Structure formats: structure tokens, C-alpha cells
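Okay, thanks everyone, let me get this up on the screen.

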Amino acid sequence: MTITRDEHTDNVESELYYLIHDGQIGAKNVWFDDIDVPVIQTPSVLFMYRDAELNDDQVIQDSKRITWNLVYDVYCFYSGLEGRNRFKNARKYTDSVYNLLQTQHASGALLNGKCFNIGCGTSYFGHVAIDRPKYIVMTGGMIELVIQVIEIF
């Protein structure tokens, strides 16, 4: 059975889409990489696939398996129209996305078994700026997400 890193990426992104969309956090849109700026409805989530790092976990790797860390910047767009509470509300929305992603760290979850491990890193709150497909700034937050997959040859 061969499963490539690209196949893992497709599987993981499909599971992330349904996790956020069905997660009862109010997300109106879930994107991967490019978004259509004129139709952004908040709250929403953008998964920007930043890089794939070779994982050096020697216990798992051999001549037929390579472990990868798929690293995403998860942009949580809230809005900014709440007056004095806009940053607090944006932080709470970002935390709700974080909490939903962290539920997948349990051994029975792991994106329905599509990954070997998953975990959130640093979270940032306030203004979110992205430059794809054009530069936009919104109130929200950003979470670093690392998903570990095993490529099998």
C-alpha cells in the first residue's frame, strides 16, 4: 500500500473542512490556500499550508516510511464590527477554533485516523493580515497547526 504526502494532504484537508464546518463554532466559510476576498463572510477560517517538514522521529521511519509535519497557519477571521469588544470577541473565536482543533489530538480522533498526530502551536490575536490572493486585514487571530503524517512507499 503506497500513500504519498500529497494524498495525505488531500485527506487531512478534507477532514479539517468538515471538522470546522460542522464544529458548531459559527464558521460560515472554510478555505485552503486561496480565498475570494469579496465574498468573505465572518466568522470564517483559512488554512494556509505553509510547509512540509521532514520529521526526525527515528522510531517511525525506515526505508519504506517517512514521517512529515504538515504545517498550517490557521487564520481565524472574526469581523471587527463589535466596537469595544471586537478584540475580545476575536480572541474568543480564535480560541474556539483552537479548542476544536485540539480535540483531534485524542488517540481516537486524529482527523478520523487520517493523521498520526496533530497539535496546535502558538496562537496570535488581534489583526490578521494575509496577502493571498490580495492583501487584507481583519480582526481575528492565527494558530500554528502541525499535522504529522507517515508517507508509505
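This is a predicted model: local features need pLDDT of at least 70, side-chain atom pairs count only at pLDDT 80 or more; totals for chains, interfaces and linings use all residues.

So, the largest nonpolar core has 28 residues, and Phe 47 and Ile 147 touch the most other members. By nonpolar core I mean a set of buried Ala, Val, Leu, Ile, Met, Phe, Trp, Tyr and Cys residues joined through side-chain atoms within 4.5 Å. Buried is under 20% relative accessible area, exposed over 50%, partly exposed in between, with a 1.4 Å probe and protein chains only.

Who supplies this core? At least two residues each come from H1 (5–21), S1 (29–32), S2 (44–54), S3 (65–79), H2 (86–102), H3 (110–113), S4 (117–130) and S5 (136–152). S3 gives the most, five residues. Helices (H or I, at least four residues) and strands (E, at least two) are DSSP runs, numbered from the N terminus.

Then there's a second, separate core of twelve residues, including Ile 35, Phe 77, Met 138 and Met 142.

Back to Phe 47: skipping neighbours within four places in sequence, its contacts (heavy atoms within 4.5 Å) include Leu 16, Trp 31, Tyr 72, Leu 101 and Leu 145.

Zooming out, the chain has three helices and five strands, running α-β-β-β-α-α-β-β from the N terminus. Of its 153 residues, 46% are buried.

Numbering starts from 1 along each chain as its sequence is written, and side-chain values use heavy atoms, leaving out hydrogens and water.
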